[in-house]
Amino acid sequence: MLRVVSTVLLGIALVSADVVLVNDNDGTEGRSICVRTCSGTTVMGDTNWVDFKDPSMGMYTNINMTECEFVAPPNVVTTLNGKSHHWMAKGGSATYSVTPTSFRVYVYTKDATRNTQQAKDLKWSITWMAIGYAC
């Protein structure tokens with residue numbers, strides 16, 4: 001009896017959940033019962049910044065979302081954080097190459113920093129939130 005009541009309550013909770021994903025990056029619609037929200041941040045002062053082809057123009061970092069267990073590329077929102085000068089950078093909210101397990105953020109830094117080490121010293125990091133399908 002307890003198992004039946006628990007199953008019914010779980011079903012009611014899932015049906016009444018107020019999470020709707022209109023579509024994902026692949027244009028897949030529906031399946032709101034399978035929507036997952038997952039978020040994280042790179043480590044302040046220890047983000048793996050990599051110089052862009054022309055280091056004077058900027059850098060990038062790759063974000064691993066494997067633990068989110070998305071089945072399709074999710075919708076991702078990012079922000080660039082730091083102790084100083086990050087307000088002068090551009091691109092911290094632009095995502096590239098989004099897959100179910102990862103994405104990349106390029107940051108134009110010509111006016112903000114001189115190199116990746118300075119970005120680490122200024123504790124630049126990326127905070128992100130992804131919303132996608134888990135089934």
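A nonpolar core is taken here as a set of buried Ala, Val, Leu, Ile, Met, Phe, Trp, Tyr and Cys residues joined through side-chain atoms within 4.5 Å. The model is predicted, with local features requiring pLDDT of at least 70 and side-chain atom pairs counted only at pLDDT 80 or more, while totals for chains, interfaces and linings use all residues. Residues are numbered from 1 along each chain as its sequence is written, and side-chain values use heavy atoms, with hydrogens and water left out.

**Figure 1. The largest nonpolar core of the model contains 19 residues.** The residues with the most contacts inside this core are Trp-49, Met-65, Leu-80, Phe-103, Val-107, Trp-124 and Trp-128. Buried denotes under 20% relative accessible area, exposed over 50%, and partly exposed in between (1.4 Å probe, protein chains only). At least two core residues come from each of strand 3, strand 4, strand 6 and strand 7; helices (H or I, at least four residues) and strands (E, at least two) are DSSP runs, numbered from the N terminus.

**Figure 2. Surroundings of Met-65.** Contact means heavy atoms within 4.5 Å. With residues up to four places away in sequence left out of the count, Met-65 touches Phe-70, Pro-74, Val-76, Thr-99, Pro-100, Thr-101, Ser-102, Phe-103, Trp-128 and Ala-130. Two of these partners, Phe-103 and Trp-128, are listed with Met-65 among the core residues with the most contacts.

**Figure 3. An open sheet of 4 strands has the order 2-3-6-5.** Its pairing is antiparallel, two strands being paired if DSSP finds at least two bridges between them. Strand 2 (50–51) and strand 5 (95–96) form the edges, each pairing on one side only. Strand 2 pairs with strand 3 over 2 bridges, and Asp-51 has Met-59 of strand 3 as its bridge partner. Strand 5 meets strand 6 (residues 102–108) over 2 bridges, with Thr-95 opposite Val-105. Strand 3 is largely enclosed by the rest of the structure, because 5 of its 7 residues are buried.

**Figure 4. The disulfide of Cys-34 and Cys-135.** A disulfide is assigned to a pair of cysteine sulfur atoms within 2.5 Å, and the count by this rule is 2. The sulfur atoms of Cys-34 and Cys-135 are 1.7 Å apart, and the link is left-handed, with -95° about the S-S bond. This pair links distant parts of the chain, 101 residues apart: Cys-34 is in the loop between helix 1 and strand 1 (35–41), and Cys-135 is in the segment after strand 7. Cys-34 is buried at 11% relative accessible area, whereas Cys-135 is partly exposed at 48%.

**Figure 5. The disulfide of Cys-38 and Cys-68.** The two sulfur atoms lie 2.1 Å apart, and this link is left-handed, with -70° about the S-S bond. Cys-38 belongs to strand 1 and Cys-68 to the loop between strand 3 (58–64) and strand 4 (75–81), so the pair ties together parts that are 30 residues apart in sequence. Both cysteines, Cys-38 and Cys-68, are buried. With the bonded cysteines numbered in sequence order, the pairing is 1-4, 2-3.

**Figure 6. Confidence along the protein.** The predictor's confidence in each residue, pLDDT, runs from 0 to 100. The protein averages 82, and 79% of the residues score at least 70. Where pLDDT is low, the predicted coordinates should not be read in detail.
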